[in-house]
Amino acid sequence: MTKLFATASALTFATATFAFAGDVPTKADILETYADIAEAKYDDSLTAAKVLRDAVGVLIAEPSDATLTAARAAWVAARVPYQQTEVYRFGNAIVDDWEGKVNGWPLDEGLIDYVDAAYGGATDENEFAVLNVIANPSFELSGETIDASEITPELLSETLHEADGIEANVATGYHAIEFLLWGQDMNGHGAGAGNRPATDYANGDTCTGGNCDRRAQYLSAATDLLVSDLTWMADQWKQGGAARTALMENETAGVSAILTGMGSLSYGEQAGERMRLGLMLNDPEEEHDCFSDNTHNSHYYDGLGVLNVYLGSYTRIDGTPVSGASLADLVIATDPALDAEMKAKLAVTMQALGRIKSTAEAGFAYDQMLERGNEGGETLIMAGVNGLIDQTKTIERIVTALELDQIEFEGSDSLDNPDAVFH
């Protein structure tokens, strides 16, 4: 599993010699590298998801503290390559249309399984907030009785996921699996993640939480579905795949897509919705990986995804490098000082995200950092937020320097209209 973290070596900003002709890469060269890295990242995500599926199978067959711990470790490892793919969002429609299946967040976990009484009940916004499909082999949806006697991938993806068009009804993907492995984190800003017992998957009288067989069905179906969804996306980036083909149809638009993903992930999504918003609300439920307390890793590998796309360099989980002509090469040829500025800002951001990661691993968890009045936590998080905002300003300058059409990056009320957050 440790090989999954080898990608951090990209921080060295090593200069590579690429195989394009002449001193300046063509846009086609750059897009080929970008697509090659996407193919490698999604393939790595698929490989890690298969390891997770195997670990889940062992947990279901032999529920114990050891097999639950192994399944959780496989989930954490699976997040490493996947988070680095998020830079392919926003600029590639095929990814945006698909992404909610695998990384939908936040979720009303009461849709899936039992929750603490403090969680509350159904709301006007979501009548399925405490459906608990694991405990209910049938339920009403839009006036129709749904047969959920067997929990299958089809039930989750075609019926339950985003039921009634409500995005909080997340029934599939990494975070549904995370909830089933950890359970709710009831510690607030205190130490500790979710603490679901392995006996939630036990048979007979030792079963806790009720419906252990159906919980196992759900977990198995969700992991099978994750593997299936990642298989599909990995195929889209292969030679002849729909994502690669769409990218190459218009080379200038393709370069804009790279920058759109970099800027939107950096600014509105990560700096805003995933970091600044949670800090403003001081809400541990605004953690991206809120059940497992793995948010520090998700933030770090999101940032690393932006970095390795700019540099055109990614190290696969087996240690194999994937590199080629990069956006950085094109910026160097256009404005070397601007490239140096971009690399310096990326380094500052990664150092800030790295400090969040190392501090959390030392025992000061991300949800503790979010607590009101915790100046140390706020300093750590805001350093990451500020780094991401600052690098987005340089991404905007690159758009201008390359004479591309103006790009409107994803925003966030937490950054653009803070007063609206509290209304």
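How many helices and strands are there in the chain? The chain has 15 helices and four strands, and the model you are looking at is a predicted one. The radius of gyration is 22 Å, close to the 22 Å that the globule rule gives for 423 residues, so the chain is as compact as a globular protein of that length. The points below go from the whole chain to its salt bridges, and then to a few helices worth a look.

**The chain as a whole**
- Along its principal axes, the C-alpha trace spans about 70 × 50 × 45 Å.
- Of the 423 residues in the chain, 55% are buried.
- If you take the contacts between residues at least 6 apart in sequence, 73% of them join residues at least 24 apart.
- The chain exposes about 16,800 Å², and carbon and sulfur atoms supply 48% of that area.

- Side chains of opposite charge can pair when their charged atoms come close.
- Searching the whole structure turns up 21 salt bridges.
- One of them is between the side chains of arginine 89 and glutamate 269, at 3.7 Å from N to O. Arginine 89 sits in the loop between helix 2 and helix 3, while glutamate 269 belongs to helix 8, so this pair ties together parts that are 180 residues apart in sequence. Arginine 89 and glutamate 269 are both buried.
- A salt bridge also joins the side chains of aspartate 302 and arginine 274, at 2.8 Å from N to O. Here the partners come from helix 9 (residues 295–311), which holds aspartate 302, and helix 8, which holds arginine 274, so the pair ties together parts that are 28 residues apart in sequence. Aspartate 302 and arginine 274 are buried too.
- Which residues do salt bridges with shared partners join into one network? They are Glu86, Arg89, Glu99, Glu269, Arg274 and Asp302.
- Arginine 196 and aspartate 200 form a salt bridge whose closest N and O atoms are 2.8 Å apart. Buried means under 20% relative accessible area, so arginine 196, with 4%, counts as buried. Aspartate 200 is buried as well, at 1% relative accessibility.

**Helix 3 and what covers it**
- Helix 3 runs over residues 93–103, and its buried residues are Val95, Trp98, Glu99, Gly100, Val102 and Asn103.
- Which helices are included in what covers the buried residues of helix 3? The cover includes helix 1 (27–61), helix 2 (65–83), helix 5 (174–182), helix 6 (212–236) and helix 8 (251–281).

- Is asparagine 297 buried or exposed? With a relative accessibility of 8%, asparagine 297 counts as buried.
- The side chains of asparagine 297 and histidine 296 make a polar contact at 3.5 Å.

**Helix 11 and the glycine after it**
- Helix 11 covers residues 336–361, which is 26 residues. From its first C-alpha to its last, helix 11 reaches 37 Å, close to the 38 Å expected at 1.5 Å a residue.
- Glycine 363 follows helix 11, and the phi of glycine 363 is positive, near 120 degrees.

Definitions and conventions
Residues are numbered from 1 along each chain as its sequence is written. This is a predicted model: local features need pLDDT of at least 70, side-chain atom pairs count only at pLDDT 80 or more; totals for chains, interfaces and linings use all residues. Side-chain values use heavy atoms; hydrogens and water are left out. Buried means under 20% relative accessible area, exposed over 50%, partly exposed in between (1.4 Å probe, protein chains only). Helices (H or I, at least four residues) and strands (E, at least two) are DSSP runs, numbered from the N terminus. Contact means heavy atoms within 4.5 Å. The expected span of a helix is 1.5 Å times one less than its number of residues. A salt bridge is a side-chain nitrogen of Lys or Arg within 4 Å of a carboxyl oxygen of Asp or Glu. A polar contact is a pair of N or O atoms within 3.5 Å; within protein, one must be able to donate a hydrogen and the other to accept it, and residues adjacent in sequence count only if both atoms are side-chain atoms. The radius of gyration is taken over C-alpha atoms; the globule rule is 2.2 Å times the number of residues to the power 0.38. Accessible areas come from the Shrake-Rupley method with a 1.4 Å probe; for residues, only the protein chains shown count as cover.
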